[in-house]
Amino acid sequence: MDMIEVKNLIFKYPQQEVYNFNNFNLKVKKGEWLAIIGHNGSGKSTLVRLIDGLLAPESGEITVSGIKLTPETVWDVRSKIGMVFQNPDNQFVGANVEDDVAFGLENAAIPREEMLIRVKQALERVGMWKFADHEPVRLSGGQKQRVALAGVIALKPEIVILDEATSMLDPEGRLAVLEIIHELNRVEHLTVISITHDIDEASKAQRVVVLDDGKVVQDDIPAEIFSHRAGLIKIGLEPPFSEKLKEELIKQGIKVPDEYLTKEGMVDWLWQLFSKQ
Amino acid sequence: MGKVLLGRYVPGDSIVHQMDPRAKLILSFFFIIIIFLANNWQSYVLLLTLTIGSIMAAKVNFAFFIKGVRPLIWLILFTVLLQIFFSSGGTIFWRWGPFNLSYFGLINGAYVFCRFVLIIFMSTLLTLTTAPLEIADALEKLMMPLKKIKVPVYEISLMLSIALRFVPTLMDETAKIMNAQRSRGVNFGEGNIMQQIKSVVPLLVPLFVSSFNRAEDLATAMEARGYRGGEGRTKYRVHYWHTSDTTGCAVFVIVMLILLFVRHW
C-alpha cells in the first residue's frame, strides 16, 4: 500500500520564474524508511513541505494515507504527519519540555487527562522524562531534537518527516535521535522520510531517492547508490567512509569486493582478509 | 549569559509559592490600590506589617527585596525631594524662592518614600515567587472577560509565553554576535556616546535578521504541529484555586477594613 503518492506535481515559489518541480512523481510505501538526498536547492525541503501542505502546488495531486490533499483536508493530512525541522531552537514552542510536547496535543484539542498520559509516555520513550520541567536553554541540541520527536510521538502520526533534523547536532545527539527513529520505524512500522546530507543516516534507510533540480535522478537501495562513488561526488555528497577506505585499499593493490559494504561489513571483511593471510 | 532569569524568579515551596498565580496577581494590584488609602503613620505601620508578614510567609531572603529597590532609588529620591520642597503647611523651617521646607512637606516625603518601598517590596514578592510563565497564565485568565469585546486573549497570552521563552535564546545570540563583531574589530562600550551608538548598529542588524528567520521557522513548525489559532485548544497547564488563596484574599480584605478604620478622614 502506498502511504504517500505524489502525482504530476508542478510547483514554483511565487517570486521565482524557474519551476522547482515540473511533473514530479513519487510513491512512498507504508512502513518504509525513505531517505532523500541531494545538494542544496535540489528541492528536498520544498518537497516535504508540499506533502505536509505547508506550501501549495500549482497543480498535481498529493495523497497521504488515502486522503487527497486539498485546502479542506490539509489539517487531516497534517494530523497524519509529524515533522521535525533542522534548527532545534526554532521549533521549541513551549516554555519547558513538557509544555512543548503538549503543544501539538493542545492544538488537537486532546482532553487534559489524556494529555498528561501521552506527554509522559512520549517523553519516557525518548528518554527525556527526567528533564520534563527543564527550559530549552538548559538542554543540548540533541536533547531538544528528542523533545521535538516526543512532540511528534505524542500525536501518534503515521508518517515522520525529518527535515535535516540531525544536521545541527553533535555525533552523540545524532546517534540518539536516529536510534529512536529506527525503533519507531521497525517496531511501530511508522513511515519515515528523512532528508539528509549525512551518508551514514541515509545508509540506514531502506530506500534512497537522489533529487537534483526537482527530478529523481536515482531511486534505489542505499548499497547500490553508495557504491557509485563518482555519482555521489557529482551530486555534491561525500561518499561513505567505507567506500573511501575501499578506494585507498585498491590504490595499495589489495583486491576488494565490488558491492557496497557498510561500516560493519567493512570491518568483517577486513578481519577475515587479515586472518586468511 | 544564557543563565539570566527573567523576573528573578526564585523557586521554592512556601505557601506563597504554591498560591494560584491569579490570586497573587490580584492581591498585588489590590495592595497597590489600598496603599493610596493610607494617610497616617498607623496605616503605614499596618501595611508594613502586612508586607513583612507576606515576605516571611514566602521564606525568601530579604536581600532580594533590597536589590529590588536599588535600581529605582533615584526615582524615589527625586519624588521624595519634590514632595519635601514643594508641599507647604505646618511649621516652615526654611525658605528659598519657590522652595520651602515645611513640617507637612517632611511628613509627606516620608509617606511617599514608604509607599514606593512597600509597592516595590510587594511586586518583587510577586516576581520572586511566581514563574514568568505563571504570570502569563494568570494574565490570560484575568483578561478572559475582554474576549467579549474581541480582544484576542489566547493569542496575546501565547505571544507573551513565546516571547518569554525566547528571551534567553536571543540573549545567547546577542552574545555570539557581539563576539563575532569584536573579532572583526568593533569596540562595544567604548568611546563617546556617538561612537557607542554606532557600535550598536552591527549588533542590531544581524540580530534583527536572525530574529525574523527564527520567527518564520517557528511559524512553520507551529503550523506543522497543527496550530490554527487560539480557539478550541485544550490546556495542559492548569491552576487550582486552593483554600490558601481564599485565606490570602481574606487577610488582605481584613487589612483593608482595618485600614479604613485607622486612616484620617
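Reply: Start with the salt bridges. Over all chains, the count comes to 24, where a salt bridge is a side-chain nitrogen of Lys or Arg within 4 Å of a carboxyl oxygen of Asp or Glu. One of them pairs Asp100(A) with Arg225(B), with the closest N and O atoms 3.3 Å apart. Asp100(A) lies in helix α3 of chain A, and Arg225(B) lies in the loop between α9 (193–224) and α10 (243–262) of chain B, so the pair joins two chains. Helices (H or I, at least four residues) and strands (E, at least two) are DSSP runs, numbered from the N terminus.

A word on the model and its numbering. This is a predicted model: local features need pLDDT of at least 70, side-chain atom pairs count only at pLDDT 80 or more, and totals for chains, interfaces and linings use all residues. Residues are numbered from 1 along each chain as its sequence is written, chains are lettered from A and ligands numbered from 1 in the order in which they are written, and side-chain values use heavy atoms, with hydrogens and water left out.

Now the contact as a whole. Chain A gives 36 residues to the contact and chain B gives 29, with contact meaning heavy atoms within 4.5 Å. About 2900 Å² is buried between the two chains, and carbon and sulfur atoms give 54% of that. Buried area is the accessible area (1.4 Å probe) that two parts lose on being put together, summed over both.

Between chain A and chain B there are five salt bridges. In one of these, the side chains of Asp89(A) and Arg165(B) meet at 3.2 Å, N to O. Side chains of opposite charge can pair when their charged atoms come close.

Which elements of chain A give two or more residues to the side that touches chain B? They are α2 (74–80), β6 (81–84), α3 (97–107) and α4 (112–125). α3(A) gives the most, with ten residues. The residues on this side of chain A divide into 20 nonpolar, seven polar and nine charged. Here Ala, Val, Leu, Ile, Met, Phe, Trp, Tyr, Cys and Pro count as nonpolar, Asp, Glu, Lys and Arg as charged, and the others, Gly among them, as polar.

Chain A also has an open sheet. Its four strands follow the order β2-β1-β4-β5, and the pairing is antiparallel. β2 (21–29) and β5 (67–68) of chain A stand at the edges with a single partner strand each, so one side of each has no neighbour in the sheet. Two strands pair if DSSP finds at least two bridges between them.

Go along the sheet. Strand β1 (residues 2–11) of chain A is joined to β2(A) by seven bridges. There, Ile10(A) stands opposite Asn22(A). β1(A) also pairs with β4 (residues 59–64) of chain A, over five bridges. Val6(A) has Ile62(A) as its bridge partner in β4(A). Next, β4(A) and β5(A) pair over two bridges. One pair of bridge partners is Val64(A) and Ile67(A). The hairpin of these two strands has two residues between them, and Ser65(A) takes a positive phi near 50° there.
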